[in-house]
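Hi,

Here is the structure I promised to send over. Have a look first, and my notes on the charged pairs follow below.

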Number of protein chains: 2
Amino acid sequence: VHFLLHGDFDHVARHGLRVESPWGDFHLPHVHAHRDPESMPPCDVTIVALKTTRNELLPQLLPAPTRGGGVVLVLQNGLDVEAASAAVVGAERVLGGCCFLCSNKVGKGHIRHLDYGRIVFGEYASDCREVTPRAARIRDEMVAAGIDVEASEDLPLTRWRKLMWNIPFNGLSVVLDASTKELVEDADAVELVVEIIREVHAAAGACGVDIPEQYIAKTIDVTRAMVPYDSSMRLDYLQQRPMEVEAIFATPIRRAHDRGAEMPRVEMLCQQLRFLDARNVSRAASSRQLG
Amino acid sequence: VHFLLHGDFDHVARHGLRVESPWGDFHLPHVHAHRDPESMPPCDVTIVALKTTRNELLPQLLPAPTRGGGVVLVLQNGLDVEAASAAVVGAERVLGGCCFLCSNKVGKGHIRHLDYGRIVFGEYASDCREVTPRAARIRDEMVAAGIDVEASEDLPLTRWRKLMWNIPFNGLSVVLDASTKELVEDADAVELVVEIIREVHAAAGACGVDIPEQYIAKTIDVTRAMVPYDSSMRLDYLQQRPMEVEAIFATPIRRAHDRGAEMPRVEMLCQQLRFLDARNVSRAASSRQLG
């Protein structure tokens, strides 16, 4: 396994990676760390775990590790986030997936895993509705490495199911400055969360993705059972980094709108997040100038 | 003029009232200050300027100053906020009005007036659609005192017009932690504000109150021309006081719903405010316990 790193390169090259987890902490003192994609070998599978707000870098990042003909597995939040990778290597070489787990990067080369651990992925090519042999092989390798992974025949279904969590919980955790625990313990917040999930569920349906009704309640139940968690979007916001508003909110809204489905609450959340994001980014810029 | 005061009584009894205003500052060193309604004389007009969150006090506050048969003028934000006063003195003795002005209480006995100054009021009794002689007389007395006041033939119209400002700007200023200036200068926030105003405008229509379409744009224009302003709800929130969510949000939502009009964005704002209000009130309680 090779790691391409940016701000963490020096630290990881010297100290390796540290992972804390309720399933057991571990430390990888020596990892193949790269500062530059050109030093990477051709890889069988290139996992894209970049924030979607930096997808404009993919034309520089992907050619080197994929030069041997390997595939790209896009593990980013949002809808149709694979398109940016597909533009570089071709849609037929792309798989996408969602991480149904709670983990935060808490320091350089330092990951804190908090709860759950499932990754679900599938083929990106829109005409493919099966678990291909290469997807099965990636799954088997990951299972052998102890990862809770599932190969999906239906990537859009997987993505919309994840959006049913990301849209309410990422969005409201930022706008209301709240952890998932605070949201699921307040009656008004839960009522709003459920209404938002219903809008996402209906939008998925309008886009031809039929998610069983019971996933609405399940999304809340899973979150109730979760340790108190700061969503990735809330951490981005608190650390004055750009938020993934386009991938997680604007693209689903546009897709739904194209199919005649309106999502007024999700749109409002998107507008609120854009306001907060613009102010946050400009505050970050002025504090950098002051620093 | 007699003033009934609670927390500010000692200060005002000793130092009077201080008003800062772009129209000229002034100081009233001696005012008729009362700590207890029982010490008040019978008043011709009793102005209710209490927060609606304390309307449960009205049965104790109103009987003394109204015992001579005088009327009550309710200058509170929200919809049908006169009902609580009407329950004490009877609907036929109640007038209601809205303050289209920017002022904040910034200290004990210390008011800072920032912009605009208009008060519009009218009869509360639902069958009354005219400027009654008593309303005209109150208007004339206020005009003689230099107040920019207008007697309205249509109190529900006045109230819904004020809600077209209060609902978006009170609500979003709290949820987005923003001044009116920040909101009207951001394109996404303005888009959302306009959508919310349209919902309020449509709800008014469903309740039989036809507000000319041009008031939608006018509400934004007035706010653009306004000095940067912290809405009363935002000040309440920042000072950990209960917010007027029921009067300004929940009642209009209920009325609209009863007439078959839905307000999804206003409802969402109401749910967000209730979440923030509950957390704020519980934080205020725990900091009082710690203190």
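Let me start with A:Arg254, which is partly exposed at a relative accessible area of 44%. Its salt-bridge partner is A:Glu246, with 3.9 Å between the closest N and O atoms. A:Glu246 is partly exposed as well, at 41% relative accessibility. Keep in mind that this is a predicted model.

Back in chain A, A:Asp10 and A:Arg35 are joined through their side chains by a salt bridge of 3.2 Å, N to O. A:Asp10 belongs to helix H1 (residues 9–15), while A:Arg35 is in the loop between strand S4 (32–34) and strand S5 (45–48), so the contact ties together parts 25 residues apart in sequence. As for accessibility, A:Asp10 is partly exposed at 48%, and A:Arg35 counts as exposed at 53%.

Which residues are linked in a network of salt bridges? The members are A:Asp188, B:Glu246, B:Arg254 and B:Arg274.

For the overall tally, searching the whole structure gives 50 salt bridges over all chains.

Cheers

Key:
Residues numbered from 1 in each chain as written. Chains lettered and ligands numbered in written order. Predicted model: local features only at pLDDT ≥ 70, side-chain atom pairs only at ≥ 80, totals over all residues. Heavy atoms only, no water. Salt bridge = Lys/Arg side-chain N within 4 Å of Asp/Glu carboxyl O. Helix = DSSP H or I, 4+ residues; strand = E, 2+ residues; numbered from the N terminus. Buried < 20%, exposed > 50% of the residue type's maximum accessible area, 1.4 Å probe, protein only.
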